[in-house]
Amino acid sequence: MSVLSAIIAIILFVGLFYLAVNHAKIKGLIGEKTLISILRFLDKNMYSIFNDVYIEHGQGTSQIDHIVVSKFGIFVIETKNYKGIISGSYKSDKWTQNIWGNKYSMPNPIRQNKAHLYALKSVLPNYAQLRCISIIAFSSTATLYVAVDEYTKVIYIRDVINVIKSYNEAIFSEEQVQEICNLISKANVIDKTVRNKHKYVVQQKVLSRNAQIAAGICPYCGAELVQRYGKYGSFIGCSRYPKCKFTTK
Ligand SMILES: [Zn+2]
């Protein structure tokens, strides 16, 4: 093989690999699959694991990546497969993903998971006072600079097991753990139609956001979007900046 064809082959391979790891859907799946296999390391006699749970409640359907139930508490885990520098606070609406100076906003995952906790509690009426442990687990391709509240752990996927095991004070009896597991199993919607409807609603939200941006309207506040020039080139931002911090490429 000539040097030239070898170089072309390498470029093609790197290009395809880049596309594969960047594809949003694949990215999400890799994160979830990784954590499913990591959670298997927990002692089955002490921890019950639920993956990809759908719960219907007053406001619609919530999809929860992972729930771990034990006598030490209920852990509600959201996985995020992101790269770059992730910064944000539990107080803000949006967090920022910074990849080589290009900034993208993402919904605050702490709030997102709070909605999941709320949905879960709606099916555990006897445990209304209970504080579930909210865990946001990022892939190691992300670098985290985040301010969290005392009830949330924003960590890397590889640290999930250790964080779960750090809770070692029993707060439930065996019977309570069993009851909680039964209630979650019962509430988990397995009907494909309902699951697909939830995915459809989420997709529609993304589409309408993209349509708004294409029409030059800020998806956060409805103001006009304008072209701006930063250190790293041009980008689209909200005309109400600094009041509204929406930016996109
Ligand atoms: Zn705006």
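Predicted model: local features only at pLDDT ≥ 70, side-chain atom pairs only at ≥ 80, totals over all residues.
**View 1. Domain 1 and domain 2 bury about 1,200 Å² between them.** The size of an interface is often quoted as the accessible area lost when the parts come together. Here, carbon and sulfur atoms give 49% of that buried area. On the domain 1 side, look for Tyr54, Ser105 and Ile190: these residues lose the most area to domain 2, and together they make up 37% of what that side buries. As for who touches whom, 17 residues of domain 1 are in contact with twelve residues of domain 2.

**View 2. Arginine 195 and aspartate 52 form a salt bridge.** Their side chains meet at 3.2 Å, going from N to O. How many salt bridges are there between domain 1 and domain 2? The count is one.

**View 3. Polar contacts also cross the interface.** Six residue pairs are in polar contact across the interface of domain 1 and domain 2, with both residues at pLDDT 80 or more. Which elements of domain 1 give two or more residues to the side that touches domain 2? They are strand E1 (48–57), strand E2 (60–70) and strand E6 (102–107). Sorted by class, that side of domain 1 has six nonpolar, seven polar and four charged residues.

How values were computed
Residues numbered from 1 in each chain as written. Heavy atoms only, no water. Contact = heavy atoms within 4.5 Å. Buried area = accessible area lost by both parts, 1.4 Å probe. Salt bridge = Lys/Arg side-chain N within 4 Å of Asp/Glu carboxyl O. Polar contact = N/O pair within 3.5 Å; in protein donor to acceptor, adjacent residues only side chain to side chain. Helix = DSSP H or I, 4+ residues; strand = E, 2+ residues; numbered from the N terminus. Nonpolar A, V, L, I, M, F, W, Y, C, P; charged D, E, K, R; others polar.
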